Every structure is written in structure tokens, then in C-alpha cells.
Amino acid sequence: MSQHRTSGDGTSDDRTSHALPEHAERVLDVAELIPPGRVMTYGDVAEWLDEGGPRQVGRVMSLYGAAVPWWRVVRADGALLPGHELRALDHYRAENTPLREASRGAEGHLPRLDMKRARWDGVTAGGGADRDEGGGAHI
């Protein structure tokens with residue numbers, strides 16, 4: 001993967017002046033593999049790479065994630081990323097990512113990701129969000 005990436009908003013994210021740490025490059029590579037309408041948790045990415053843990057993946061995403069589809073790497077509870085909820089929600093709706101409607105008591109009444117349906121196993125190709133609910137790709 002090159003050190004020059006285009007961010008999710010189409011702007012250039014030129015990091016050629018600073019070499020990305022190898023672990024960060026691998027995390028970003030995984031984020032780019034996640035199909036539209038699907039998600040992986042921070043822990044899933046760490047497990048898929050067989051290195052680091054959820055906190056390390058979260059740190060990479062917070063520092064460098066703008067260059068990849070950051071909204072596809074999520075918390076295990078399906079809660080939207082604090083501070084980025086509305087931007088992420090726009091992406092999820094555009095990609096038909098499965099969501100669970102928020103309960104009336106939920107803060108901000110924001111939906112959560114439907115992790116049973118949206119979670120990608122890192123293997124199954126494609127597998128859009130409209131797949132059957134019983135036999136999808138799950139970790």
C-alpha cells in the first residue's frame with residue numbers, strides 16, 4: 001500500500017513525508033477491505049491481523065483513519081463513534097448498513113449498528129447489508 005491515500009471526502013492525505021508505522025498501514029489496509037454496508041470492530045481488526053488489540057486499532061484509526069472508510073471500523077456494542085455520529089450515520093444510510101432504531105431513552109435518539117447483520121468476517125466477499133438475517137457472515 002502506498003503512503004499516499006485519498007481520504008473518504010476525496011481530499012488527498014499525503015503522508016509521503018512521514019513513513020506510516022507498519023502496524024498502522026496494516027490496520028488501514030484492513031479498513032479498506034471492508035465492503036460497503038459492513039463493519040468490523042476494533043477487536044476484529046486486531047484479531048484479523050493477529051497483532052495488537054482493540055485499543056491499538058482505535059489509536060491508528062483516530063490518527064490516520066480519515067484516509068480510509070473509518071465508519072466501517074466500529075465499537076463492539078454498535079454505538080456510533082462519539083463526535084462523528086451524524087457523519088457516520090450518513091455513510092451507513094448511503095451504504096444500507098443494518099441499523100437498529102434507538103429506544104426513546106437513548107441519548108440523542110441515534111440508532112446503533114445492527115452488529116449481527118452488519119459485522120463482516122473478513123473473508124466473505126461482498127455480502128451487502130441486505131443479505132438474509134439468518135445466514136450472514138459473522139465473526
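Predicted model: local features only at pLDDT ≥ 70, side-chain atom pairs only at ≥ 80, totals over all residues.
How many nonpolar, polar and charged residues are in the lining of the second largest pocket?

Figure 1. Count them up and you get 5 helices and 6 strands. If you walk along the sequence, they come in the order β-β-α-β-α-α-β-α-β-β-α. The chain has 139 residues, and 40% of them count as buried. Now take the contacts between residues at least 6 apart in sequence: 53% of these join residues at least 24 apart.

**Figure 2. A look into the second largest pocket.** Here's the answer to the opening question: the lining has 6 nonpolar, 4 polar and 1 charged residues. The pocket's volume is about 210 Å³. Around it you'll find Tyr42, Gly58, Met61, Ser62, Gly65, Ala66, Trp70, Val73, Leu81, His84 and Arg87. Helix H3, residues 54-64, gives the largest share of this lining, with 3 residues.

Figure 3. How do you look for empty space in a model anyway? Rolling a probe the size of a water molecule over the atoms shows where it is left.

**Figure 4. The largest nonpolar core.** This core has 29 residues. Which of them have the most contacts inside it? They are Val45, Val57, Met61, Val73 and Tyr92. Two or more core residues come from each of H1, helix H2 (42-49), H3, strand E4 (73-74), helix H4 (85-95) and helix H5 (115-118). H1 supplies the largest share, 5 residues.

**Figure 5. Zooming in on methionine 61.** You've already met this residue in the pocket lining and in the core. So what does methionine 61 touch, once you leave aside its neighbours within four places in sequence? It is in contact with Val27, Leu28, Ala31, Tyr42, Val68, Trp70 and Val73.

**Figure 6. Helix H1 and its buried glutamate.** H1 covers residues 22-33, which makes 12 residues. From its first C-alpha to its last it reaches 17 Å, close to the 16 Å expected at 1.5 Å a residue. Its buried residues are His23, Ala24, Glu25, Val27, Leu28, Val30 and Ala31. Why does glutamate 25 count as buried? Because its relative accessibility is 9%, and the cut-off for buried is under 20%. The C-alpha atoms of glutamate 25 and valine 60 are separated by 8.8 Å, although these two residues are 35 residues apart along the chain.

**Figure 7. Helix H2 and what it packs against.** In H2, the residues Tyr42, Asp44, Val45, Ala46 and Leu49 are buried. Where do they pack? Against H1, strand E3 (40-41), H3 and E4.

Methods. Residues numbered from 1 in each chain as written. Heavy atoms only, no water. 1 Å grid on protein atoms, 1.4 Å probe; cavity = no way out; pocket = protein on both sides within 12 Å on 5 of 7 lines; lining within 4 Å. Points joined across faces, edges and corners; volume = space filled by probe spheres on them. Helix = DSSP H or I, 4+ residues; strand = E, 2+ residues; numbered from the N terminus. Nonpolar A, V, L, I, M, F, W, Y, C, P; charged D, E, K, R; others polar. Expected span 1.5 Å × (residues − 1). Buried < 20%, exposed > 50% of the residue type's maximum accessible area, 1.4 Å probe, protein only. Core = buried A, V, L, I, M, F, W, Y, C linked by side-chain atoms within 4.5 Å. Contact = heavy atoms within 4.5 Å.
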